[in-house]
Amino acid sequence: MKEEVREAAYAKLNLTLDVAEKRSDGYHEMLMVMQTVSLSDAIELKKTGEAGIRATCNFRYVPTDRRNLAVRAAELFCAKQGIQNQGIRIRMEKKIPVGAGMAGGSADAAAVLRGMNRLFGTDMSRKELEALAEEIGSDVAFCIAGGTSLAKGRGEILEDLDPMPDCHIVICKPGFSISTPELFRKLDQVNLRRHPDTAGMLEAIASGDLRECAMRMYNVFEEVPDRRMRTVAEIKSTMRDFGALGAVMTGTGSAVFGVWQDRDAAENCAEELSREYRFCVVSRPTERLNIG
Ligand code: ATP
């Protein structure tokens, strides 16, 4: 049996994000095309002599107790598998910005579930891991295998799609974060004038046409009246000036991304944006992981 495993926790982007009616249980019905990218946190799991789960993280402001989704994932895994008297140390080397709409915490939790499955040789299937993931949070199930998916419900009902066409993706996060509950509250007060063309996006992905995909990227949260959306619009506008085929905010923000066929053009844009914004990277789409 293994003593130590490493997993990459890939960040998520929303190519489209649509919100339908509020359900009777208070949750919103979502329709989203999600994509994982090469920007990732590094997760290391190690068996220790002492009982209990201990976590460390290079971002000092991220809690390392039960508020951390990675810790919750490890606890849940142990409870489900009846693992007792086995200490685990989780090391998180984060690169995914926090509060960016990139599912950083969910990606870490999913990586812990995949890693624990290997560490203990428990042979859980992708479906079993996704079912466990759902108990932690709505984006965690998608992060188990990642790749390109259509997500419905609260984000936990997943349909595998073909991989999105390869491209260069500039991701830029302004200094502020946006609270998800706050943005949903504001969304309830607006009459959405536009919705993403999700069916068109699915066709564009199936035909492998990057230009058509990029044209259809849209997030209804950008319509919410909030002065921070002005910064989002400015970043998008810079991306378009530098030749992005499309640009959009991911999730509830505040990160914004644009896509390019041409790597040099993407890098030029990233260089320009990094003069003003601290977090700016060039990334690539990643394909679905093969699990069980
Ligand atoms: P989403 O796209 O799912 O809305 P996000 O990118 O906006 O996520 P996260 O970066 O996942 O947000 O983190 C949001 C909150 O979750 C923060 O307040 C943070 O303290 C907490 N959190 C819990 N676990 C983690 C983790 N492993 N990494 C980062 N943040 C975490």
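This is a predicted model: local features need pLDDT of at least 70, side-chain atom pairs count only at pLDDT 80 or more; totals for chains, interfaces and linings use all residues.

Entry 1. I found a backbone N or O atom of Met102 at 3.1 Å from an oxygen atom of the ligand.

Entry 2. I then looked up side chains at the ligand. An N or O atom in the side chain of Lys94 is 3.0 Å from a nitrogen atom of the ligand. For Asp139, a side-chain N or O atom is 3.1 Å from an oxygen atom of the ligand. I also noted that the protein covers 76% of the 610 Å² of accessible area that the ligand has on its own.

Entry 3. Where does the ligand sit? I found the ligand in the largest pocket. I counted 20 residues around the ligand, and the closest are Asn68, Leu69, Ala103, Gly105 and Asp108. Helix H2, residues 104–119, gives the most to this shell, with 3 residues. Sorted by class, the shell holds 9 nonpolar, 6 polar and 5 charged residues.

Entry 4. How many cavities of 30 Å³ or more does a search of the whole structure find? The search returned 1. The largest cavity holds about 40 Å³ of space. Its lining includes Ala8, Tyr10, Arg114 and Cys143. Strand S1 (4–22) and helix H4 (140–145) are the elements that give two or more residues to that lining. H4 gives the most, with 3 residues. By class, I recorded 6 nonpolar, 3 polar and 1 charged residues in the lining of the largest cavity.

Note on methods: Residues are numbered from 1 along each chain as its sequence is written. Side-chain values use heavy atoms; hydrogens and water are left out. A residue is near a molecule or strand if one of its heavy atoms lies within 4 Å of it. A polar contact is a pair of N or O atoms within 3.5 Å; within protein, one must be able to donate a hydrogen and the other to accept it, and residues adjacent in sequence count only if both atoms are side-chain atoms. Accessible areas come from the Shrake-Rupley method with a 1.4 Å probe; for residues, only the protein chains shown count as cover. On a 1 Å grid over the protein atoms alone, a cavity is a set of points where a 1.4 Å probe fits but cannot get out, and a pocket is an open set with protein on both sides within 12 Å along at least five of seven lines; lining residues have an atom within 4 Å of a point. A molecule sits in a cavity or pocket if more than half of its atoms lie within 2 Å of its grid points. Helices (H or I, at least four residues) and strands (E, at least two) are DSSP runs, numbered from the N terminus. Ala, Val, Leu, Ile, Met, Phe, Trp, Tyr, Cys and Pro count as nonpolar, Asp, Glu, Lys and Arg as charged, and the others, Gly among them, as polar. Grid points are joined across faces, edges and corners, and a volume is the space filled by probe spheres set on the points.
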